[in-house]
Amino acid sequence: MLDPDLAKIWVYLATSPLLGLTMTLVAYSLAHRLYVYTNYHPALNPVVTAVGCLVLCLIVTDTSYAAYFEGGKFIHFLLGPATVALAVPLHQQFAKLRRIWLPVLIALIAGVTTGALTSVAIAQLFGASYLTQLSLAPKSVTAPVAMGISEQIGGLPSLTAALVVTTGIIGALGGTQLLSLLRINDDSIRGIAMGLTAHGIGTARAFQISSEMGAFAGLAMALSALITAVMLPGLLRLIGLLV
Amino acid sequence: MTNDRRSSTIYNEADKYRMIFINGITILLIYELIGEVAAQLLPIALPGPVIGMFLLFLTLSLRRPSMAAIEMASTTLLSHLSLLFVPAGVGIIVHFNRLTHEWLPITITLLLSTMITMATTAIVMVGIQRFQNKWGHHHA
């Protein structure tokens, strides 16, 4: 089918990290262009489009995920320092928190608990497997932290990553309507709810509405990541999901 | 430290600017490294980078160091956060079997749990603020 020389080049490229890395950046760059072109439509989140394109490429070329990840791991590695970097927006917005730290803290703990317990309970009710339940538990946490938590509690980090992104899109698409329906008009409260539930994708959506809502969403995202990392293993042990 | 290099201000200014991103990234990596070591030593199960985030936050709050380097590296990394999920997201390909078997519970869970969580967070916060306002008026 392929010219023997071309086939040789393909075999060489398919095993080198260069191809996976370049494919990732090209796919993301195109996906981001589409996102900007559609005026930041939440359903066309660049992560979803880029992942979709790459999955399609891997299936069509019959490339294994392990071979792709040889290149992908260079980008993946940056999730670690990016998590540490969340300390900066947290620090910048901390002054805003001083006035209302108690309601925020209680609301965040309530939200984190509700998020973890409802996801496990609903998944169990509808017959999801044990591993899926564990991978769903940290779904509201920003992806780098959620993947770390998922690994720690014995879930599947890459499944968690996909679930986290989907959660973010659901929250960003339906969240503003839900909050209006509940007659919550205070942008600080709307931001807290959005950032806790829909992490980075929700925060990006909140910034489109107002900078106050965005700032509070970013704060809720960083704080709830910390709270979930501390609380989730104990919470899952309490309901008997973890031993 | 010789003085002949220090005397060249132009060199120093350009060099400072050039090094700011590298310094910022280095600080982030050092905190991640400390976090990873702490994660191994501490009895609680916390991801190393989360401990690193917490320690960096404490440092920023307590010592108020010059932020420029950390701020630049952090802003740059965080503004491309979406890109960093892509390689892990492609990992979904490994879970196709699981997804075709469990798409219904997963979809229902994501939809319901996301909405319940958002509503609960907002309602709890409104409730507590109302409670605080009432309490505040009684004692005013």
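This is a predicted model: local features need pLDDT of at least 70, side-chain atom pairs count only at pLDDT 80 or more; totals for chains, interfaces and linings use all residues.
Student: Is A:Leu25 buried, partly exposed or exposed?

Tutor: Buried means under 20% relative accessible area and exposed means over 50%, with partly exposed in between. The relative accessible area of A:Leu25 is 41%, so A:Leu25 is partly exposed.

Student: How much area do chain B and chain A bury between them?

Tutor: The size of an interface is often given as the accessible area lost when the parts come together. Here the contact takes 65 residues from chain B and 92 residues from chain A. Carbon and sulfur atoms hold 83% of the buried area, and the area that the two chains bury between them is about 7000 Å².

Student: Which helix of chain B gives the most residues to the side that touches chain A?

Tutor: Across this interface the rule finds zero salt bridges, while ten residue pairs are in polar contact, both at pLDDT 80 or more. Helices 2, 3, 4, 5 and 6 of chain B each supply at least two residues of the side that touches chain A. With 28 residues, the helix that gives the most is helix 6.

Definitions and conventions:
Residues are numbered from 1 along each chain as its sequence is written. Chains are lettered from A and ligands numbered from 1 in the order in which they are written. Side-chain values use heavy atoms; hydrogens and water are left out. Buried means under 20% relative accessible area, exposed over 50%, partly exposed in between (1.4 Å probe, protein chains only). Contact means heavy atoms within 4.5 Å. Buried area is the accessible area (1.4 Å probe) that two parts lose on being put together, summed over both. A salt bridge is a side-chain nitrogen of Lys or Arg within 4 Å of a carboxyl oxygen of Asp or Glu. A polar contact is a pair of N or O atoms within 3.5 Å; within protein, one must be able to donate a hydrogen and the other to accept it, and residues adjacent in sequence count only if both atoms are side-chain atoms. Helices (H or I, at least four residues) and strands (E, at least two) are DSSP runs, numbered from the N terminus.
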